[in-house]
Amino acid sequence: MNQPIANKGETTTAETPDRIPTGGEMLIRCLEREGVTHVFGLSGGAAMPIFDALYDSKIKLILTRHEQGATHMADGWSRATGGVGVALVTSGPGATNTVTGLLTALMDSVPMIVLCGQTISPMLGKDAFQEADVTGITYPVVKHSYLVRNTNDIPRVMREAFHIATTGRPGPVLIDLPKDVTSGPCTASMVDEINLPGYELPSRASADKLKEAAAILSRSRRPVLYVGHGSVISGAGEAIMRLAEKLRAPIVNTLLGKGATPEDGPLHLGMLGMHGTAYANKAVADCDCIMAIGARWDDRITGKLSEFCMGAAKIHIDIDPAEFNKIVRPDVSLSGDARAIVEDLIPLIEPAETKDWLAQIAQWRKQYPLKYSKKGGLKAQHVLDRLDKLTKREAIITTDVGQHQMWAAQFCLTTKNRHWLSSGGAGTMGFGFPSAMGAQFAFPDKQVWTVVGDGGFQMTLCELATASLHKLPVKILIINNHYLGMIRQWQELFYDNRLSGADLDGNPDFVKLGAAYGVKGWNIKRAADIDRVLKAAIAYNDGPCIVNAEVVKEDNVFPMIPAGAALKDMLIERPKRKLAKPTGST
Amino acid sequence: MTTSALALSPSTIDYPLHTISILVRNQPGVLVRVCLVFARRGYNLESLVVSPGVQDKNFSRITTTCRGELATLEQIIKQLAKLVDVVQAIDHTGQQVVETEIALIKIRCEGELRAEVLQIVEHYKAKVVDYKSESLVVQIAGVTAKLDNFVELVKPLGVTEMVRSGKLLIARGSDET
């Protein structure tokens with residue numbers, strides 16, 4: 001038989017009004033109804049009815065080269081837009097490859113939908129080809145999940161999944177879809193109503209508690225506002241700025257809180273925590289009141305918990321009441337949306353005088369600036385400092401995980417909400433590049449940079465093919481020190497420089513590698529190259545490009561609070577004495 | 001359910017026992033989700049009973065007794081409540097509740113020993129539910145301590161098998177369980 005190959009969009013079967021849609025077709029209609037425009041995925045046998053239905057849809061399928069890439073692209077889409085990224089994969093190994101992406105999204109409260117093909121229902125539990133107990137494997141890394149057993153459940157499950165992913169504390173939802181369920185007829189109609197008796201959204205903080213918090217803030221003479229990802233998610237930045245102005249209080253943010261409020265503002269001290277600025281950490285260590293706004297007192301922030309903000313009053317704003325008393329027992333806890341709570345607090349506050357406090361902080365800022373030496377080879381900090389200036393803080397920057405991430409957090413100030421995308425809680429290497437692609441698909445006209453290390457980039461660099469194919473103008477800056485730099489730093493500082501599993505000998509020539517994918521590339525080998533290459537990369541818009549910065553191999557990120565140490569034990573620079581092994585988790 | 005979630009490890013045996021009642025939607029996997037909340041935080045479930053809802057068959061009640069660090073329990077209750085399929089989770093420790101447990105115990109006994117067993121059975125208001133020439137099956141209900149005492153008494157007399165329901169509990173008066 002010589003059947004002509006149908007072109008996408010030419011078939012009309014799906015538009016025939018009388019025909020009962022398949023489960024897969026219904027699924028795609030549900031996605032369209034939720035406003036989904038892009039799906040990131042990799043096909044496979046068990047997902048064929050879904051991919052077949054996509055054929056007739058306006059939804060753009062981005063075929064990735066690995067499922068992990070698909071999840072991080074969906075994640076990057078969500079973080080950049082505030083919407084919901086969708087990943088679509090097949091059963092068995094396709095689905096297990098999403099586990100890292102699910103954990104990454106869960107730890108950072110990112111809404112995401114992961115659709116998985118599954119073997120046909122009668123074969124479930126019988127070790128069918130490419131069968132895996134995917135709901136079982138993923139229970140601990142999802143906000144919620146479904147194994148759909150009935151085609152007519154699809155509209156309800158899809159509505160619930162989007163509702164759960166996006167409301168309250170957002171998170172990933174996985175939907176496992178047996179192939180007979182997606183190929184069978186769906187006679188159920190679209191669902192609007194949601195009936196989830198076990199799913200309660202937090203009510204607004206009570207007036208009493210707001211008054212209590214306002215009273216503490218009002219009498220505080222050394223207040224600090226500690227801003228986390230919850231502030232980004234709720235869009236609380238503008239309200240926080242007003243609160244900070246009224247209180248005359250400094251703002252510090254977490255790695256994920258970057259951009260909630262402009263980091264270059266006069267009241268802003270940048271990032272706090274393990275590799276935060278010295279003045280941010282000194283302010284936190286010395287404050288008399290700290291208010292967490294959508295932040296969860298992570299171990300990267302508190303250091304040694306028993307010595308964290310000992311004398312300070314603590315106020316905790318979080319949409320998830322389970323965060324109260326988990327790490328820190330606050331004096332007042334306010335559950336609900338960060339923006340709404342901060343807005344409610346502002347009129348209740350009669351600020352105390354904080355002039356002395358701000359003067360003290362200004363002195364710390366002068367005394368302990370972030371610094372690096374431009375001598376002795378090409379420095380990552382120098383490259384990132386120039387990136388900060390040359391992008392005029394307009395670009396979306398995503399990062400991978402490690403030294404480059406901390407340097408980027410320190411030197412690339414974020415002034416706009418949802419312009420800094422980084423894997424915080426999970427610390428997922430391989431996140432940077434695909435998450436930048438997700439952001440770039442969402443905002444084709446925006447400048448999107450990903451700052452990666454030579455280690456993490458190699459975990460998901462197969463997506464160069466995807467980026468190249470779509471001429472996606474993502475700019476990849478590789479901070480290449482031929483090491484797993486943060487590992488090397490720890491081994492140098494705490495393990496007598498016994499380098500074990502830190503050396504990345506065998507790295508490819510990244511510019512040549514890019515060329516193999518049709519990707520433009522430049523090397524930066526000396527400081528004199530920096531501006532020329534970065535400017536060329538910024539001007540280049542004909543697809544992805546790689547900037548490979550061959551930085552000095554053995555540099556360390558400072559300031560540093562060794563894991564488990566108190567904030568006051570922060571290391572401003574490389575100490576001469578030998579350091580004890582850190583007691584904190586990692 | 002993992003065995004680690006049910007096994008009583010020596011590290012937690014010194015902690016006080018808590019009784020938690022969890023109202024859940026009858027969705028596949030809900031029991032696993034609930035157990036994972038405990039297991040991840042080092043809590044051991046000592047007993048676990050699932051019973052269907054009275055008015056609405058779409059809901060079930062899980063009653064579980066567990067041991068572990070007290071500071072962790074608040075977090076566990078909150079994390080349980082966060083699960084989409086959990087309607088509510090309540091720690092009943094120290095509350096006014098009616099609680100009971102039931103056990104079936106098989107005792108291999110003849111002659112004088114049998115007479116002794118029957119005496120204990122009568123004293124404890126237990127019931128013989130299977131009467132064979134060489135063995136008895138006794139059914140006993142009551143609070144956990146009563147069952148423990150009964151078992152201690154009859155154990156040396158030839159207990160070969162035992163099945164216990166785990167603690168059942170309901171709040172007194174009009175309080176909600």
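Reply: Two residues are in contact if their C-beta atoms, placed from the backbone, lie within 7 Å. The model is predicted: local features need pLDDT of at least 70 and side-chain atom pairs count only at pLDDT 80 or more, while totals for chains, interfaces and linings use all residues. Residues are numbered from 1 along each chain as its sequence is written, and chains are lettered from A and ligands numbered from 1 in the order in which they are written.

Chain B consists of domain 1 (3-91) and domain 2 (97-170), with bounds from an automatic or database domain assignment. Taken over C-alpha atoms, the centres of these two domains of chain B are 28 Å apart. Across the boundary, seven residues of domain 1 of chain B meet five residues of domain 2 of chain B. On the domain 1 side, β1 (17-25), β2 (44-52) and β3 (59-67) of chain B each give two or more residues; helices (H or I, at least four residues) and strands (E, at least two) are DSSP runs, numbered from the N terminus. The largest share, three residues, comes from β2(B). This side of domain 1 of chain B holds two nonpolar, five polar and no charged residues. Here Ala, Val, Leu, Ile, Met, Phe, Trp, Tyr, Cys and Pro count as nonpolar, Asp, Glu, Lys and Arg as charged, and the others, Gly among them, as polar.

Chain B also touches chain A, in a contact that takes 17 residues from chain B and 14 residues from chain A. On the chain B side, α2 (30-40), α3 (70-82) and β4 (86-91) each supply at least two residues, and α3(B) gives the most, with five residues. The residues of chain B on this side comprise seven nonpolar, three polar and seven charged.
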